[in-house]
Amino acid sequence: MANNEKPKLAMYWSSSCGGCEISVLNIHEHILTVDEVFDVAFFPCIADFKTKDVEAYPDDYITVCLWNGAIRNAENEEMAHLLRKKSMFMVAYGSCAYEGCIPALSNLTSKEATYNTVYKDNPSLDNPDGIIPKTSVKVAEGELTIPEFYHTVKSLDQVVDVDYYLPGCPPEPPQIWAVLQVIVGALLEGTPLPPKGSIVGVTNVAVCEECDLEKNEKVISRFYRPYEIVPEPGICLLDQGIMCMGPATRGGCEALCPSVGMGCRGCYGPMPGVEDQGAKMLSAVASVIGAGNENMEEAEIEAEIQAVVDTIADPAGTFYRFSMAHSLLQRAKVNGSNGKGEA
Amino acid sequence: MADKLTFSREISNLMYAGHGSPLNQCIQCGTCSGTCPAVEFMDQTPRRLIGMINADLKDAVLNTNTYWVCASCYHCTVRCPAKIDIAGAMYAVKRYSIWFKTYSDDLVGPVFSETFMKTIARNGRSYEPILATSYIFGFGAKEFFKEVQGATKMMLKGRIPVLPSRIKRLKNFQSMIQHIIPVGEEE
Amino acid sequence: MSEKYEPVIVGFLCNWCSYRAADLAGTARIQYAPNLRAIRVMCSGRVDPQFVLKALRDGADGVMIAGCHPGECHYVNGNIKTMRRFMLLQKMLTQLGIEEERVQLVWASASEGIVLAEKIDQMTEALRTLGPLNWKKRVLNSGNGYQAAEAIPVLEEA
Amino acid sequence: MKKYAYFPGCSLEKMAISYHDSALETTRALGVELEELEDWNCCGATTYFHLDEILANTLVARNLAMAEKQGLDLVAPCSACYKNAYFTNAYIQEDEDLAEHINYALEADDLQLSGDLSVHHLIEIFVNDVGVEEVKNKVTRPLEGIKIVPYYGCQIVRPRKDGENIEDPQFFEELLTAMGAEAVDFANKTRCCGGSLLISNRRAALDMIRILLQNAENSGADVIATACPLCQVNLECYQAQVNDEFGTNYAMPVMYFTQILGLALGIPRKKLRIGSELVSAIPVLSKYLKKEVS
Amino acid sequence: MSEKKHPDNKERVGVYVCHCGTNISKVVDVEEVARWAGEQPNVEVSRDYKFMCSSLGQELIEQDIKEKGLTRVVCASCSPHMHEKTFRTACERGGLNPFLFEMTNIREHDSWITDDKEAATIKAKSLVRGSIDRVVHHEPLDQIPVEINPNTLVVGGGIAGITSALELADAGYHVYLVEREPSIGGHMAQLDKTFPTLDCSACILTPKMVDVGQHDNITLLTWSEVEQVDGFLGNFTITVRKKARYVNEEHCTGCGICIEKCPFNVVDDIFEAGMGTRKVIYRPFPQAVPKYPVIDKENCVYFQKGKCKACEIFCPTEPNSIDFEQEDEILQIEVGNIILATGYDLFDVKRIPQYGYGKLENVFTSLEFERMVNAAGPTDGKIVLRDQETKPKSVAIVHCVGSRDENYHKYCSKVCCMYSLKFAHLVHERIPDAEIYDCYIDMRTPGKGYEEFYNRLLEEGTHFIRGKVAEITDAARIPEEEGKLIVQVEDTLIGRQRRVPVDMVILSPAMEAREGSKEVSQLFKMGCDFDGFFIERHPKLDPVATMTDGILIAGACQGPKDVPESVSQGAAAAARVAGLISRGTVMMEPVRASIDQDACSGCRICNNMCPYNAIIFHEEENVSEVITALCQGCGTCVAACPSSVITGAHFTNDQLLSQIEGILWDMRPEKVTA
């Protein structure tokens, strides 16, 4: 970047909760540095920009685009392509952009089912005519269109090329600052950039390493849902039968959740070399089920194991809470009309 | 392995619910014939009959009386070390010979069977006297006399019915039979 | 493929029992459906659920995991761990709309060539009745392309 | 008290009516209810299997289906009927194809058979359900000093029923001992009586009967107990023919085990139709019958 | 999007498709497969050849490695269990690490199971593609040397076990011989004569037993049972329970006075097969090794009622050898190899009621007869009926009692024909005027001098009846049958049922697997078939080894056998072990798990995955570690590790995932037209 202009920062949200935007402000006084280093080129959440403004920018005009949110509909995809075109660095910011996160859980069901829940059978709404969104509708003034709602939720990198990933739901302040530093450093001091595709602000060891709870050999004879048990302090939650994705999740968060007695949900995504975080955790958890041994009759073994398996209410939702869109199967095979993924 | 329909194959096919081993598993050990309580009255022992079936000696097999002498006591079947349902096989040969009318006329068995079946098809239940008339000619005068003697004695003791009994839902019963094979029409 | 649909099964056979059972089936010239494509692992306990999902995603219509009978595992109890994983996996697969018949766990000792052959025949038939899975094309609508829900081939759940 | 669908079979209507009556008497005395199958049909005996296996099984299936409809297990006093019922019932479960054929035929009489009822021979009711001990307790007239042949015949124990000792069964002996009688060790207890041959091959049948009578006499028995009308008629009604044929002079009473049991339970002999047999059992039983008078 | 490392440097793979004569090529279009393989990514060269396992076939591979600089080799032929070793060594000769080779099974798994050429060829292609994509991810590995402990455990002191023990001991290696009875000798010690040479069993066996008893290299543990087996080839740890004898082996001289003085007799069901009695303190038979007696606690009046002690009172040794306080000892033994020679049981003839055993008193079992004709036996070798005096004038011998019978044992017990003939001979010899009827299904006498022995019996005048005996009864029909046993059988050669009246019947029961052999096979972590016999590694080429390295089998525990066969197997097993020991170390497959210490988070999921306890946890570093020496390579921990930091060498995730992808090459959306 030979020019002496300030680098341009953009942040856009697609299918997400908005927590990521807030998290940016969480970097406290650093936000001032950000302000002095960057010009904000596009940030609908804090300043009024229109899409046409962005369209007007020359390509690669924006230095860094922090994209948060999953790809849920045609508009999301459109904007993704646009911002990709206009930005030098596209950062998948937060779990939704990285691997689908909560929005992608709707991949367990169908578009119709989602519509039904949102527009039809839902106690809180009043829609006697059962109207559901159509991509285009004719009115007196002419034709109105809204973006198409996709059947399958995707992560950002499933639609556009992504330079860096910043996992977390939302990312933790130190990480955010870290990734901005990296880029700023590169721009101002010309320090080398991490290789394209890097996941920044994380460690390469699972959460357990950062978790101080005492871990023992695991033999789990039943699982508890958070409301069913008060965890014994100081002891590994998984050892107590409380589901904790820590073992299958990248570190970097300082094990925030486990340290306060809440099992890790896995928002930092899979470990290096893991194709499917959910499957891996499933395998680990099942392996330490304390049921069945080689001296029992097959039927007994099955019965014992089944009893424990029954205490895991919603495996798909538990193991894929954040990584559905990036999982191997990516979505459920569902009957288009009644979308329930569960059988 | 050839798919031409051999006699042995035909017989096996007739053993529909026969849940034993196929006939070609026979090791010719003779347990069946050693067991058989009626073997002395057979012109071929059951073992030989199996052997002959496996050798496709169709006519030779059908010309024996062996399968009609079989009292279907299943003693051979339960002892067979190859788990062949020998009594079942005997039935199969009986069926074959009745269907293709290959049995010799001096045999009482088939005639009896047919009458028996007709009686049931007609009444839904069997009835000894009717049966008697149908096979009695199969006997010499002496036996005939004896039969009657015995029969009369039983009659006196009230052990032979005077009239045949019939079942109520006879029509359904008969059409049930029709569903399987067209026999038993009232002629 | 066009005239009669031939399902493709990826089989994970343990080195000591089921792979040998398959060898035996061959040596004994037992004729059975050629639809299973075997991958040898040392123990059914090596089968990572990722493998199963990978196979389904990459186009398999079904996955068979085969090991030694419980109590006969060459590694004492590897197959018990397989059972644990398999049963939890099955529960999750139902949530993902994948019929039970598509992923099966079977036992076959080294001497049970016939047993394995029968299991493979049965599974092949079961899959034939279920029809093709063809995940990427029929469920993900090939690669990353999008498609409205209406266009998604509707597969009734079991 | 346990209740069963009771399938008497053709013989018990007349020929073996004493079996029929004594069966009802004894079961009642021991608290078992037999409800006669309404509109039962002939099961085809062994003969129908000469003609068509599916048809034969269908005849049997009709009776089974009617019992199933009433939600009762089936009891047959005739060994041939029992064997047919037992195996048709088993095949129905094993063999879907057969089940399909049969049920198709049964539609003609608005019946269906799933095959999940169980089928018992009458004697099994006393041995398994009532139990030998219970019988013992109910005996009011122990038959001490009488030697009885426990004659099983073929089809109670054959063809194979898994896990049972079908070559040297013991339950009949146990039952007789419970009545206070002495069960003689009868080598030919499961040897065929030739019943089904009487018509087709008389010589054979008579010879087979002879062998049994001989064995019975040699073993010093007073009476032969049977659990099958065919065996009974054979062994008894044809003794005369046997004697003529082979110049022997057997006079061996042959009774239904239910008649003997009834006696031991103190049921009056008329009700058991003791005396309707051709070779009278009265002499052998006289001392127990006297008790009846006093 | 996980950072999966794809090998940027393109590998050079050689693919070789074998015709296996016509075994493969008659169903699979091998030329086509080879041609097609050539077009697959990373493939440098691909060929088809008549016999890849032939030396010429192997040379092909070696040349290509040298000339075409192959870095990976795939061979599509038979099962890896058949020829993996062969081709690995070929690669090695070619200068390529043997583990850069992958085998594709297109024979057992393909050409032999279908005749659908098209389907078979498609299947072959996908299997080959799977291997290609897999082998690209292979890494060079070195086999792991394992030290072999030179001591050997032999389980079972029958003739097979005795032979193994002596062979090894004479070769200078130490042997622990464990026998659960009070004396070694096994079934052979119960026999009188051995066919076909008719030399006295005891005369040839006793010297060997004595050798075992006195051999410096043999630790003899009788009246003992193996309770636990840990470890693996080269280093087993065995836990043995040495049951209390109540006789102190240090002091006992085996004088036998205690036995003499013991006032109580009990029926000897084991050695005398119920034919004779023994004292409560006893030695199974006079030539027993070791000589020390055993007190049968259940029947000992002192143990039951608290008085007697006759044995102690009369024991002449100082200090007294009787020790009522003695307790079971638990011993730990370290060995490198195990030979199982646990022998067989005899079929329980009571299971065939129609043969009347137990009901008809003069029906005997073969073992009873063996004891009877044994000069040292209960009747001093006299052949008599149960009444102990009457000589039978006629004897029937019944073959195949429980053998060749789907109701009991499908298999042929192999030895019965011969020992039945032996019985016939012995009766001829001892009761020259007796009529002997030998009822057989087929006369099976394959063996040196066996058929000749059969001929000899024909000359001696045995009446042979070809037919399986239907029943044995005492229900006479004619005067000649009165008071006799009647053997009812079809003489199949004349096609008539015969009723043969005899005084004595000898049943020749099947040999069956020892009761509890299934438990034994689990204890030793090896296979046993449905009849309960132990499974050999290869039925033809490897009859004494098992699927479990370091565990061998000999004698009748592997299947029915006669003495000569058992002996040769005993020797063969010993030779195997001796060979291993002399090598000192064995090379083991490097298929082992290892944990990336830097990436392990210490979650401890894997800690109790390992059946061999090869995984340990380091508290201070908070990481787990696999002890390579203990790891057996099953890969269960690899599958369990939630962060994929455990690698299973030669079965890595990359290798297997790529194989899956490859095997499904024809199922990719663009290829599927469904």
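Axes are lines fitted to C-alpha atoms, for helices over the stretch in contact, and angles between N-to-C directions run from 0 to 180 degrees. Helices (H or I, at least four residues) and strands (E, at least two) are DSSP runs, numbered from the N terminus. The model is predicted: local features need pLDDT of at least 70, side-chain atom pairs count only at pLDDT 80 or more, and totals for chains, interfaces and linings use all residues. Residues are numbered from 1 along each chain as its sequence is written, chains are lettered from A and ligands numbered from 1 in the order in which they are written, and side-chain values use heavy atoms, with hydrogens and water left out.

Two packed helices are described by the angle between their axes and the distance between the axes. One pair spans two chains. Helix α11 (residues 298–309) of chain A and helix α3 (residues 78–95) of chain C have axes that come within 10 Å and cross at roughly 50 degrees. Angles under 35 degrees count as roughly parallel, over 145 as roughly antiparallel, 65 to 115 as roughly perpendicular, and the rest as oblique. α11(A) and α3(C) are therefore oblique to each other. Their crossing is right-handed. A crossing has this hand if the near helix is turned clockwise from the far one by less than a right angle, and is left-handed if anticlockwise. From α11(A), the contact is made by Glu298(A), Ile301(A), Glu302(A), Ile305(A), Gln306(A) and Val309(A). From α3(C) come Ile80(C), Met83(C), Arg84(C), Met87(C), Leu88(C) and Lys91(C). Contact means heavy atoms within 4.5 Å. By class, the contact of α11(A) with α3(C) has 7 nonpolar, 1 polar and 4 charged residues. Ala, Val, Leu, Ile, Met, Phe, Trp, Tyr, Cys and Pro count as nonpolar, Asp, Glu, Lys and Arg as charged, and the others, Gly among them, as polar.

The next pair lies in chain E. The axes of α6 (residues 159–170) and α7 (residues 201–214) of chain E come within 10 Å and cross at roughly 50 degrees. The two helices are therefore oblique. α6(E) and α7(E) cross in a left-handed way. Ile159(E), Ile162(E) and Leu166(E) of α6(E) meet Leu205(E), Lys208(E), Met209(E), Asp211(E) and Val212(E) of α7(E). This contact has 6 nonpolar, no polar and 2 charged residues.

In chain D, helix α2 (residues 17–29) and helix α12 (residues 257–264) have axes that come within 8 Å and cross at roughly 40 degrees. α2(D) and α12(D) are therefore oblique to each other. The crossing is left-handed. α2(D) contributes Ser18(D), Tyr19(D), Ser22(D), Ala23(D) and Thr26(D) to the contact. α12(D) contributes Phe257(D), Thr258(D), Gln259(D), Leu261(D) and Gly262(D). The classes here are 4 nonpolar, 6 polar and no charged residues.

The contact takes 70 residues from chain D and 63 residues from chain B. The area buried between chain D and chain B is about 6300 Å², of which carbon and sulfur atoms give 60%. Buried area is the accessible area (1.4 Å probe) that two parts lose on being put together, summed over both. Chains D and B are joined by 5 salt bridges. A salt bridge is a side-chain nitrogen of Lys or Arg within 4 Å of a carboxyl oxygen of Asp or Glu. Glu167(D) and Arg79(B) form a salt bridge, N to O 2.7 Å.

In the interface of chains E and D, 9 residues of chain E are in contact with 13 residues of chain D. About 840 Å² is buried between chain E and chain D, with 39% from carbon and sulfur atoms. Pro353(E), Lys359(E) and Arg477(E) supply 56% of the area that chain E buries against chain D, more than any other three residues. The rule finds 2 salt bridges across this interface. Lys359(E) forms a salt bridge with Asp168(D), the closest N and O atoms being 3.3 Å apart. Over all chains, the structure holds 79 salt bridges. Other chains do not touch. Chain A and chain B have no contact, and their closest C-alpha atoms lie 28 Å apart. The nearest C-alpha atoms of chain C and chain D, which do not touch, are 16 Å apart.

Some backbone features fall in loops. The peptide bond from Arg158(D) to Pro159(D) is cis, with omega near -10 degrees. Pro159(D) sits in the loop between β5 (147–151) and α7 (171–178) of chain D.
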